[in-house]
Amino acid sequence: MAAIRYRQVHLDFHTSEFIDRIGADFDPAEFAQTLAASDVDSITCFARCHHGWLYYPSKTHPELIHPQLSNRDLLPQQIAACHARGIRVPIYTTVQWDGRIMREHPEWLAIDGNGNYVDTQHVPAPHFYHTICLNSPYREFFKTHLQDIIDVIGKDQIDGFFMDILFQVECNCPHCRQKMTGLGMDPDQKNQRYRYAALMLDEFKTEITAFIHNQLPDAGIFYNSSHVGPKSKASFKDYSHLELESLPSGGWGYDHFPVTSRYARTLGKEMIGMTGKFHTYWGDFHSLKNQAALEFECFQMLAVGAGCSIGDQLHPNGRLSPGAYDLIGKVYASVKAKEAYCRDAVPVSPIAILTPEEFYPDEPHNLGLPPSLVGAARMLQELSWPFDIIDSQMDFSAYSLLVLPDQIPFSPELSGKIQAYLDQGGSLLGSYDACLDKGPASELYGVRFLAESPYYREFVLPNAVIGKSLHREEYVMYDRAFDVEQVPGARSSVLMDKVKPYFDRSGDRFCSHQHAPSSGQTGHPAVIRNGNAIYFAHPVFRLYRKNAPRWCKLMVRDALELLLGQSPVSHNGPSTLITALNEQPRESRLVLHLLHYITEKRSEEIYTIEDVIPLHNLELRIEVGPRQVRRVQAVPAATGISFRQEAGAVYFAIDQVLGHGMVALDYERS
Ligand SMILES: [Zn+2]
């Protein structure tokens, strides 16, 4: 397959049958010209929408062609016009949402344990959100539909398929119950139905990928579930690449993409991020995102090693919005200039966070991002420590340090794998209940678990080792800790103590509005070091996600520096500066990304970015190891930057970062 395109548009076209003249103003040449002028190099266009209508001259289902479609060749003409300009056109079709099937084939819909249709969206009617069951006769309909697209559009015109909406929903329909019984699963148990749904989705994807690849071996294939995480890992073999749908002003927020992408990039697939040009979310007609927000979202994709995709929706009349493509063009002109510094780049990541998402119970949850994972990712990002996110099956040896955030179930296998990693010189920072053996002793951390703390909030006392830049007085910790003690005779050492409050706020005792203050009495250890491992008794990452106490972040920073020394990317800038360091081995260069955009919650419903606030006089230290750096340049402008190299690090200053800056460090080929 050709390298993934970096400047994509995902052109929604869910179009009601109550609107007439669909596609009437579509002009293929104008359509492709608008895209080309905006530097778009791939656009996903619609064969079939969530309303259930087709936008091409179907042979097998002519009755499903949109009844108001003026131009029955809409999709073929979109493809031909774009191909003439070298723009790829993956084909969109819907899988589990279809308004027409909802009305005409209710027997194909998934039903829950109470016999109700499954609706994951909770949008008041009218809508098209009742999930279709893929074990129903719909599966044959879907394959006939795919074959119809292939036959009508023509194999030589098909770049790939984007198949939307593959959701793990517990279906209690007769087809699913029968299949579950055949597998020895109990269809009366909700969690078993949910687990079976994952197996069924994997099996469906394998079947559909084989069906497509049989005829189109080079077609791109992606199945969209609105989240890419460890729970879907088994089926990524059936995807040609990954698309990370994450609209920050939709339900995903600004924390979803940085976390998801740092896991997805370890899976060995090319990937794109997907945001939207909408001010809020899909279907937000006649709205434009602030340019600064769109810049940040796309440039962050480049920084984590992804290409870009911007969601749009075509007006029913078939004409692209000039405003939207002016906006997209401004951002994509910049992406085009930067692309060469981003392709095939390998992230420099000394740290891996082990994701707790892998261990989530088999039940529905919102996008699968545990607060402790988001808290850990935020801390590292704000501290300018580059990191990946991995699962327990992956190789740990590529990393200098593993972070186990708060809640990783203990197992002898995982603990043994981590111990072997430590024995090979790896380091570990774990907290609270992260692979903590609650038996006689935790070998990893050199502590013995005693109990949950009797206090819902305690304090910690900073010292010259942990919390060294803080005042030498108590700081509150906003969540209940574990009480642990050193294993007698172990080589572990206490780095920080907890301090007890006068009493817990419970029973008939309380003081003031919140927790009782410090009694001054030393409690159990708060932070313990055991060789290359440091353990925090508090859930510091969840706690940071909840309240963002800066003192927790600084305590973690001190622990990281004890284990690893300085970050490979250090600077004198603010915590709002996001950094990423990537290497392009073939080009013999390191590429540093500097992102400075500040997200704000200006409204009740969404976060956004309106302005670019420049940063001035930034001083940087970049670890380059044995590489001999010969040139440092701001790119893509190729403006030289004076630098000095000393003891494995390069030092330089940048006058101004305006939103997104990139610096290439070219080194001698060895
Ligand atoms: Zn079913």
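This is a predicted model: local features need pLDDT of at least 70, side-chain atom pairs count only at pLDDT 80 or more; totals for chains, interfaces and linings use all residues.

Biologist: Which residues make the contact of H1 and H2?

Modeller: Pro28, Phe31, Ala32 and Leu35 of H1 meet Gln77, Gln78, Ala81 and Cys82 of H2. By class, 6 are nonpolar, 2 are polar and none is charged.

Biologist: What makes H8 and H9 roughly parallel?

Modeller: The axes of H8 (residues 291-303) and H9 (residues 322-338) come within 10 Å and cross at roughly 30 degrees. The limit for this class is under 35 degrees, so H8 and H9 count as roughly parallel. The crossing of H8 and H9 is right-handed. H8 contributes residues including Leu294, Cys298 and Phe299, while H9 contributes Leu327, Val331 and Tyr332, among others. The contact of H8 with H9 divides into 8 nonpolar, 2 polar and 3 charged residues.

Biologist: How do you know that domain 2 and domain 3 touch, and how much area do they bury?

Modeller: The domain assignment places domain 2 at 351-564 and domain 3 at 569-667. Contact means heavy atoms within 4.5 Å, and 5 residues from domain 2 and 6 residues from domain 3 take part. Together the two domains bury about 480 Å², with 45% of it on carbon and sulfur atoms. Their centres, taken over C-alpha atoms, are separated by 30 Å.

Key:
Residues are numbered from 1 along each chain as its sequence is written. Side-chain values use heavy atoms; hydrogens and water are left out. Axes are lines fitted to C-alpha atoms, for helices over the stretch in contact, and angles run from 0 to 180 degrees between N-to-C directions. Helices (H or I, at least four residues) and strands (E, at least two) are DSSP runs, numbered from the N terminus. Angles under 35 degrees count as roughly parallel, over 145 as roughly antiparallel, 65 to 115 as roughly perpendicular and the rest as oblique. A crossing is left-handed if the near helix is turned anticlockwise from the far one by less than a right angle, and right-handed if clockwise. Ala, Val, Leu, Ile, Met, Phe, Trp, Tyr, Cys and Pro count as nonpolar, Asp, Glu, Lys and Arg as charged, and the others, Gly among them, as polar. Domain bounds come from an automatic or database domain assignment. Buried area is the accessible area (1.4 Å probe) that two parts lose on being put together, summed over both.
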